[in-house]
Amino acid sequence: MTVFTKFLCASSGIALALLGTAAQADVVFWSTQARPAEEAQAMRDNVLAGFSGTVDYQPNEDGPWLTRLQAELQAGSGSIGVLGALHGGFSALDPDTLVDLDDLGVASSSDSFNALARLGTDNMQYVPWMQASYIMAANREALQYLPAGADLNALSYDQLIEWAAAVQAAVGEPKFGFPAGPDGLRHRYFQGYLYPSYTDGVVRTFASDEAVAAWEMFRRLWAHTNPASTNFNFMQEQLLSGDAWIVWDHSSRLANAFNERPDDFVAFPAPAGPTGRGFMPVLAGLAIPTTAPDQDAARALVQYLLQPETQIATLRATNFFPVVEVELPGDLPPSVQAAGAAIAAMSGAPDANPGLLPAGLGGKGGDFNRIFIDSFERIVLAGQDIRTVLDDQRPRLAAIMQETGAPCWAPDAPSEGACPVE
Amino acid sequence: MSTRYLPYVLILPTLVFLCAFFLYPFALVTRQAFGTGDGVSLDTFREVTSYWKFPISLQNTMLLAAAVVPVQLALALLMATMVNRMKKGRDLVLYVWTIPLGISDLAAGIIWLAIFEQSGFLNSMMLGLGVIDRPTAFLSYQHPGMIFLAIALAEIWRATAIMLVILVAGIGLIPKEYYEAAEVFGASPWQRFRKITLPLLRPSLQTALILRVVLAFEVFAVVAALGGTIFPVLMGEIYAYQFDLQNGGAAAALALIVLGISIVFTLIILRVLRVPKGATI
């Protein structure tokens, strides 16, 4: 053997050894959450750095996330160790492709979250990871126009409309902002806020007379809404630019506004309608695909992420709140303090009417959302007759419910079998 | 190896590449569009064409192509003739004009969004000059014409250069003798352009138009950035089917419809701008 071939053998041996250890130690954490560059970096540096093994944190858009996961599942082998996604992401998967996690010893302190995490089976398909909600936020400039006698923490929709109208009259342009852009979370507003607040249901009451009243209310609110809202996706941008003064959005999509100019904005609960103060929690979870290369390391990572200290680090990194009992420290970022107070006021309100995330829809979650988005576009943007649109959309919604067999979820009354559209 | 087989060997890599990355996926997409489980059916096509947004998105896509491509053609012809006449700095001008080509279409859309949005450059400029009292929302659902104009402008800015490059190369191939002869007979510049440049540019025009028209039917990112949800186009609907609804069959069916439209227009362009047999430069 010449010196050269010896060198070649030695170096390739080292390279192989390095490859081997790298493949063994890195748990690929494939996530749809904490996607913005700063959040992803904070996840790596402040959350995952404390884990005993090494983690390769890879956040991605929902589409590519699902595409790669399904490719690995179809191939029967893969490199993804742990999955992180919203409840809706997991409910679109076949529960058989996820490892049952009942024996992990960690779970959320909320029973309704743990029930959601079973995805309609008898076992935990994912572990609740972190939670958030949608709240209202306003520029302090707007507070002077609040209608007389209105309490910011207990607004009604009529008061909100009055307020938005007063702001428009004072500054000459509509300043209510609504995330109706392509990436905006408008469908969650209709499913978790508008319908529960006006009809005390979502599916059963989709085409009810109360629903007509709900859409009429939304039309009145829309009259004072910045018409550029159809391009708004993350309302923190419009809060900061001043294009909108009163907004509704996901708490983590408002975080930058509070963190950049904490003294300029206030967060407050969603308004109440005739049937209560509808609001919807957001739940993200962790799961392990059956194709995970190192199940033990993946399980250890999930356990690590559910520890109270990790949950607080996650809160700082992502603005998503813990799902386990923790003592919140006092030095949290302004966005977390503002959103935390608003969510607490919302869920603790005497007229609170929480709407759960759609469950049991499987791969039809997108079609379900489209029913609401289409109704919005036709009723509010195109100005079509509310009754006609709802009657037209009703059979489509009923078909989705029939096909998936999804039972009703709160606030709809429970059903035997598929949730009926009445 | 004998020279007889050499050409085939040389095109083999391209052929393999095309088969692996075009024909095979194309076959898969076709199967996905027509087959739902067992047998061939047109259900997915019925599903996508009966959706209320389909006629709107088809109309928007067509109108956009009809508005953008002729303007781009005229602009590219003008720019190509100008570049061709330049003695100095020709390369520099060409480089500058083709810069938008190097920018991704989403980035281009965002650049134009920064101009047109409510707190964007156009509004602040007009406000600064005192033309308007307060910023207006140009890109709102109440002004569909304005959105159309903004998208058309962004597309023209972004994609004229691709035609320009092809036409500049084509004009360079036209022999100088024709022009000299025309000048001797007293042809005006406009006559020379119409009687010499245009006819002899046919092959390049064909390529440029086919490329541009097919790309116009695939317009997506610029529309998504500027039009939001209020200006649906076919490509946006395909994206929504694939990623929002996880409905690969419907997305494949719609993709085949776009392919069909592209083929029809390619054939029309090939026919209209055909080069008569034996008529070469």
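Let's start with helix α13 of chain A, and with who is buried in it: A:Ser335, A:Val336, A:Ala338, A:Ala339, A:Ala342, A:Ile343 and A:Met346. Please keep in mind throughout that this is a predicted model. Now, how are those buried residues arranged around the axis of α13(A)? Looking down that axis, they fall within an arc of 165 degrees, so they line one face of the helix. If you want the background, an α-helix has 3.6 residues a turn, so residues three or four places apart point the same way.

The helix itself covers residues 334-347 of chain A, which is 14 residues. From its first C-alpha to its last, α13(A) reaches 20 Å, close to the 20 Å expected at 1.5 Å a residue. And what do the buried residues of α13(A) pack against? In chain A, their partners are the strands β4 (127-139), β7 (265-268), β8 (277-279) and β11 (352-354), along with the helices α10 (255-260) and α12 (308-318).

Let's step back to chain A as a whole. Chain A has 15 helices and eleven strands. With 422 residues, the globule rule gives 22 Å, and the radius of gyration of chain A is 23 Å, close to that, so chain A is as compact as a globular protein of that length. Along the principal axes, its C-alpha trace spans about 90 × 50 × 40 Å. Buried residues make up 50% of the 422 residues in chain A. As for contacts in chain A between residues at least 6 apart in sequence, 75% of them join residues at least 24 apart.

Where they meet, 14 residues of domain 1 of chain A are in contact with 16 residues of domain 2 of chain A. Which elements supply at least two residues each to the domain 1 side? In chain A they are α4 (87-91), α5 (111-116), β4 and β9 (281-287). Helix α4(A) gives the most, with three residues. By type, that side of domain 1 of chain A divides into six nonpolar, eight polar and no charged residues.

You'll find A:Asn60 in the loop between β2 (54-59) and α3 (62-75) of chain A. Is A:Asn60 buried or partly exposed? It is partly exposed, with 15 other C-beta atoms within 10 Å. Leaving out neighbours within four places in sequence, A:Asn60 is in contact with A:Thr32 and A:Trp65. The C-alpha atoms of A:Asn60 and A:Ala34 are separated by 8.9 Å, and those two residues are 26 apart along the chain.

Now over to chain B. Its secondary structure comes to 13 helices and zero strands. The C-alpha atoms of chain B fill a box of roughly 70 × 65 × 30 Å along the principal axes. Buried residues make up 29% of its 281 residues. Among contacts in chain B with a separation of 6 or more, residues 24 or more positions apart account for 73%.

Chain B also has two assigned domains, domain 1 (1-41) and domain 2 (53-272). Their contact takes five residues from domain 1 of chain B and six residues from domain 2 of chain B. On the domain 1 side of chain B, we have two nonpolar, three polar and no charged residues. The C-alpha centres of these two domains of chain B are separated by 30 Å.

My pick of the residues in chain B is B:Ala76, which sits in helix α3 (residues 53-85). B:Ala76 is buried, with 25 other C-beta atoms within 10 Å. Beyond its neighbours within four places in sequence, B:Ala76 is in contact with B:Thr160, B:Met163, B:Leu164, B:Leu167 and B:Ala208. B:Ala76 and B:Thr160 are 84 residues apart in sequence and 6.2 Å apart in space, C-alpha to C-alpha.

Finally, let's bring the two chains together. How many residues does each chain bring to the contact? Chain B brings 16 residues and chain A brings 22 residues. The side of chain B that touches chain A divides into seven nonpolar, seven polar and two charged residues.

Definitions and conventions. Residues are numbered from 1 along each chain as its sequence is written. Chains are lettered from A and ligands numbered from 1 in the order in which they are written. This is a predicted model: local features need pLDDT of at least 70, side-chain atom pairs count only at pLDDT 80 or more; totals for chains, interfaces and linings use all residues. Two residues are in contact if their C-beta atoms, placed from the backbone, lie within 7 Å. Ala, Val, Leu, Ile, Met, Phe, Trp, Tyr, Cys and Pro count as nonpolar, Asp, Glu, Lys and Arg as charged, and the others, Gly among them, as polar. Domain bounds come from an automatic or database domain assignment. Helices (H or I, at least four residues) and strands (E, at least two) are DSSP runs, numbered from the N terminus. The expected span of a helix is 1.5 Å times one less than its number of residues. A residue is buried if 20 or more other C-beta atoms lie within 10 Å of its own, exposed if 12 or fewer, and partly exposed in between; C-beta atoms are placed from the backbone. The arc is that of the directions from the helix axis to the C-beta atoms. The radius of gyration is taken over C-alpha atoms; the globule rule is 2.2 Å times the number of residues to the power 0.38.
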